[in-house]
Amino acid sequence: MDSSALYLSLVPLSLVLLALRTVYHLYFHPLSKFPGPKLAAATFLYEFYYDVIKSGMYIWEIERMHEKYGPIVRINPREIHIKDSNYYDEIHAGASHKRSKDPKYAIAFGAPNSLVGTITQDHHRFRRGLLNNYFSKRSVVELGPSIEDKVEKLIARFEQAHQAGDVLHLQLDFAALTADVITDYCYGWSYGYLDGEKGSRSNDLVDAVNGLMVMFHINRFFPFLITVFRNVSPKVLRRLQPQMADLFDLKARLRQQASDTLQKQGLRKVDTEARPTIFDALTSLELPADERTLDRLEDESALLLGAGTETTARAITVSMFHLINNKEIMAKLRAELKTVLPTPLSKASWVDLEKLPYLTGVVNEGLRLSHGMTSRLARISPTQPMLYQDWVIPAGTPVSQSNYFVHMDSTIFPEPEKFDPERWIRAAEKGEYLSRYIVSFTKGSRQCLGMSLAYAEIYLSLAHIARRIDFALYQTTTDNICVYRDMGIGCPKVGLFGVRATVEGLVGE
């Protein structure tokens, strides 16, 4: 039989197998009784169309499914989505309920050897345990003066922009701040993004994160492309996909740093008098050899840097946009800030600032409306079924709920699009624990490791900047910061997330 005849004979066989698989998904699969569109249950092409072809629009199709079918929906052949804010803690459960990561989502970040890419709960617990102490609230409080120094650098940049009449890209400026904080903390030295002119030094980092966003959904469907791109000539890759080239350039720098650190560890040339860093913990000779590979260290470093930069900078940017856009909110915040910052040059610690109710409302609204990850972060109960109302979800089934749906739940947050710091004060007066619905850092045993660090950066930067700087928005509206498409993190309809502003003045006494 020649090759053409063989090919022709395989086509009908492939069609038969496809038909059999479709029938299985629709009528015999363990999830076949769950509500949802037949097309979504039959094939991943439905999800592929909305998230890859239409660039991150499946989140809205899922919303329409819930409007039609109710709070529990089968959104693809293997995954259940539940739109019920009170069930979020069950999906993202604590250590007493085993939860694995869905491998199809773990690979989307392009860092399978990182904490974020770790599948099983036990392995995740081991890796997280290496870093827990570095990100404890006590450790972050001790880091306070270092964060304050970097906030001062940023304020100095804003003062220079006022003199020069420059237009600022606040997302880049806040990314420079958060990147310098996390690199200093992780590695013992900073990349010095705040030392660049007008935030230009932060562009490579922001572009690297944007490169990951561009590939987020593609990675889920075609994970092998990560290896392909890695092996493409850097010049070719930069012509084809410049943001991906920035991502791989960043990872190459981190890989070289990992190699240098491992070499020093092997030669016992570690500076015992220097402050221990997160990188020291990751490269310790006491760890098993397979936990100290260059692939592992490169992936973990990239994820620590990306997660420690982008989402925190976004939360600050969203809060600052609304403070600039609503002078009444800014006036109320400044009046409260004067109780702990009596002059513009006064200092206050994170511990002091988090006691301020209005500032806390501003922080929480910024986190709520920046969302963290908007993409579904599915969890799997590996051995026990999960129960929702009258439904029994089989063990091993990925179950998800987007952070966006929790933060925009109008039954919990009336007028959810509104930036309303006072909703938190009203809730506290009623004895309502509204903070349980802030899921920017997810929940449970896999909650974001750097949550305390993020809170410290947000409180310190918002308080000291709002106390001293008057901004004016420049060609920026809510369209520039809204969630129109889900690319792992929320993106506007056109262009990239961001806020442009000028410094209108410096605040007096």
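The buried side of helix H17 packs against helix H16 (310-325), helix H18 (350-353), helix H19 (357-370), helix H22 (451-468) and strand E9 (469-473). Contact here means heavy atoms within 4.5 Å, and buried means under 20% relative accessible area, with exposed over 50% and partly exposed in between (1.4 Å probe, protein chains only). Helices (H or I, at least four residues) and strands (E, at least two) are DSSP runs, numbered from the N terminus. All of this comes from a predicted model, where local features need pLDDT of at least 70, side-chain atom pairs count only at pLDDT 80 or more, and totals for chains, interfaces and linings use all residues. Residues are numbered from 1 along each chain as its sequence is written, and side-chain values use heavy atoms, leaving out hydrogens and water.

Which residues of H17 are buried? In this helix, residues 327-337, they are Ile 329, Met 330, Leu 333, Arg 334, Glu 336 and Leu 337. They sit on the same side of H17 because they cover an arc of only 160° around the axis (taken from the directions from the helix axis to the C-beta atoms). Turned away from that buried side are the exposed residues Lys 327 and Glu 328.

Five strands make up an open, mixed sheet in the order E1-E2-E8-E5-E3, where two strands pair if DSSP finds at least two bridges between them. At the edges are strand E1 (72-76) and strand E3 (100-101), each pairing on one side only. Strands E5 (residues 379-380) and E8 (residues 398-400) run antiparallel, joined over two bridges; Ile 380 has Pro 398 in E8 as its bridge partner.

Then there are the salt bridges, each a side-chain nitrogen of Lys or Arg within 4 Å of a carboxyl oxygen of Asp or Glu. The count comes to 34. One of them joins Glu 79 to Arg 376, with the closest N and O atoms 2.9 Å apart. That pair links distant parts of the chain, 297 residues apart: Glu 79 is in strand E2 and Arg 376 in the loop between H19 and E5. Glu 79 is buried at 1% relative accessible area, and Arg 376 is buried too, at 5%. By contrast, Glu 142 and Arg 138 are exposed; they lie four residues apart in helix H8 (residues 137-164), and their salt bridge spans 3.9 Å between the closest N and O atoms.
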